[in-house]
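Reader: I have the sequence and the model on my screen. Walk me through how the parts pack.

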Number of protein chains: 2
Amino acid sequence: MVKKETTKITPWEVEGKVDYDKLIRKFGTSPLDQELVKRIERNAGASHLFLRRGIFFSHRDLNLVMDDYENGKGFFLYTGRGPSGPMHIGHIIPFIMTKWFQERFKVNVYIELTDDEKFLNDEKITLDYSRKWSYENALDIIALGFDPDKTFIFQDTDYIKNIYPMAIKVAKKINFSLVKAVFGFRNDTNIGMIFYPAIQIVPTFFEKKRCLIPAAIDQDPYWRIQRDIAEGFGYYKAAAIHNRFLPPLTGLEGKMSASIPETAIYLHDDEKTVRQKIMKYAFSGGQATVELHRKLGGNPDVDVSFQWLKYLFEPDDSKIKKIEEEYRSGNLLTGELKEILIEKINQFLEKHRSEREKAKEKINEFTQNGILAQQMRNNIFE
Amino acid sequence: MVKKETTKITPWEVEGKVDYDKLIRKFGTSPLDQELVKRIERNAGASHLFLRRGIFFSHRDLNLVMDDYENGKGFFLYTGRGPSGPMHIGHIIPFIMTKWFQERFKVNVYIELTDDEKFLNDEKITLDYSRKWSYENALDIIALGFDPDKTFIFQDTDYIKNIYPMAIKVAKKINFSLVKAVFGFRNDTNIGMIFYPAIQIVPTFFEKKRCLIPAAIDQDPYWRIQRDIAEGFGYYKAAAIHNRFLPPLTGLEGKMSASIPETAIYLHDDEKTVRQKIMKYAFSGGQATVELHRKLGGNPDVDVSFQWLKYLFEPDDSKIKKIEEEYRSGNLLTGELKEILIEKINQFLEKHRSEREKAKEKINEFTQNGILAQQMRNNIFE
């Protein structure tokens, strides 16, 4: 990858090396500190590696979400997916977090598939294409284990009648200057994209409770606008928790890209492909030769295989600590570290494939027939 | 009314004295000449005062619509109403013309009630308000005699699911620069209004035939954009016929305004109100005294009562000619001319009130259950 001097973060692009402290300052969010993590764990009655290892590093109003939970008001979860192609390992981080919050706090989850946005944002993407991927991505999301009676998955073009009245109320509060400033829209931006932020904001008003959005920080511009207007409509400002981007296989810069397949492991990659990609592309923090490695040790901080284990695939703290120490000391070779990761990923993907097959039978519960879905099909938001 | 030096015509405002030849040049449309009128009358097997008296004065591609009719391809009609309040006499001109074309050519009519646009365009208008007026205006429109099996009346926020996919396809072809140039949108225009033109364009694609739009010329900017993109989607460029604005009671400048009640007769005005308004406000081309009038004669060219008879209420050519001659000669006094108009309007409104009551029973045929409406409820346009 070509080294970039600057970092660019919008909902449509991430480039360069990500400085997370800088992002917190830039977006004006709060660091997700250990005190808050402990409070969540206390309420959840459990701990999650994403929280205790700082994979989710930033938040807005998560403390208020915990207040609301503790005093019985409750909250709800909202996240989404831009269905522009197959999902990779990096895409599922917010969904895993969302599912954990649902499970631990017994709350509703709303998942938006933004087929309109992906169509509008890319000259090459047809509406048929973004709809096909809406279905495929929904299967991957359902496979992660959401509660079919507490989760509503909807596709914008299909659910539009229920959200359009509220969307135009939101749109009436937002002018071109604002979306130009917040999203970098220009005079040559199409009028569908210009309107689209209103659509993405509506689900934050699906319940008269605080909405918690687990998502990558690149989605924050939407919530900044939402937070300016929510109270005027009698709703809460959206709360959010932001995860780091899972580093691409090829090194710690940027995020995995669907357009550069060697940077990512896809949820549909078979065992052989996983092995080949990790062996060939996973950037190593090891030394040039086994002798040097034994002598000088590896650097887990830049080693993508280690980072992936830490981010996602090795939840056992004592095990991850041991792997780190062994690698740093030189006892564990890069090839051995990669073998650990390959096995973990392939275990995960094997289960995922099986759950994904079952999801084909269950998808209607999430979109139409489950308790929450039925209720949502009858609601017009305005 | 304050005299304006300039004329301003956008879909949202008409000010000043309207120079129709200038409008034809400005909008780049064609004058609706007598040759074309004769051709329409031949095909229709009938004549309409709006055509032979030049009330519809301009068109786009109406000759091609007649080609399509003559060679059996057919065409369809599309018009609409911005439901921002009660309808007055001036509002029904395009609908009367539309109904006549439907009746004579046996074609489908699509009528859009733009509740979203009216809400988005006016800070004071709520969505509930523009929806209430959608219903009320639909009754007035139905009362004009449309065919319930060939007419589909829809409200944008209600029909949005069926048109949104096509709307975003349209929107993807239109950028902010274009709507800025065409509609005068600015950086402080809200993003709902910026998107809205895409919504209004979709119904021109409801059939794979040429779409004829009877409307005032202020709606032309939408069709200019439509004509730039239609063929790229495999549809026809929209054809249109444009009517003059019915002059306000108070004089020949501008158009009737819902916000200045004395300029207009409303469809709900009772007999007494009609009489009072005409007597008090109808601008007269008569002389200051009866004696002077008998001596010098009146000027029907600036007399609003005469103009209204000519525009709308006296279809008999020999009668309108006689009235004109008598008024010009001074035989017919202003008071007598006003009496003729009052009687005509009250006859029309009496029938209208009775048809409007019946429309309450029939509205579902136009929106849901008629042959065309049923078909449209099952169509998703994309």
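Author: First, a definition: axes are lines fitted to C-alpha atoms, for helices over the stretch in contact, and angles run from 0 to 180 degrees between N-to-C directions. Helices (H or I, at least four residues) and strands (E, at least two) are DSSP runs, numbered from the N terminus. This is a predicted model, where local features need pLDDT of at least 70, side-chain atom pairs count only at pLDDT 80 or more, and totals for chains, interfaces and linings use all residues. Residues are numbered from 1 along each chain as its sequence is written, and chains are lettered from A and ligands numbered from 1 in the order in which they are written.

Reader: At what angle do helix H10 and helix H11 of chain B pack?

Author: H10 of chain B covers residues 191-201 and H11 of chain B covers residues 220-229. Their axes are 10 Å apart, and the angle is about 75°.

Reader: Is H10(B) roughly parallel or roughly perpendicular to H11(B)?

Author: Angles under 35 degrees count as roughly parallel, over 145 as roughly antiparallel, 65 to 115 as roughly perpendicular and the rest as oblique. The angle of about 75° therefore makes H10(B) and H11(B) roughly perpendicular.

Reader: Which residues of H10(B) and H11(B) make the contact?

Author: Contact means C-beta atoms, placed from the backbone, within 7 Å. H11(B) gives Tyr222(B), Ile225(B) and Gln226(B), and H10(B) gives Pro197(B), Gln200(B) and Ile201(B).

Reader: Which helix gives the largest share of the side of chain A that touches chain B?

Author: 28 residues of chain A contact 28 residues of chain B. Helices H6 (115-121), H8 (156-171), H9 (176-183) and H10 (191-201) of chain A each give two or more residues to that side. The largest share, eight residues, comes from H8(A).

Reader: How far apart are the C-alpha centres of domain 1 and domain 2 of chain A?

Author: Domain bounds come from an automatic or database domain assignment. Domain 1 of chain A is 14-249 and domain 2 is 261-355. Their C-alpha centres lie apart by 29 Å.

Note on methods. Two residues are in contact if their C-beta atoms, placed from the backbone, lie within 7 Å.
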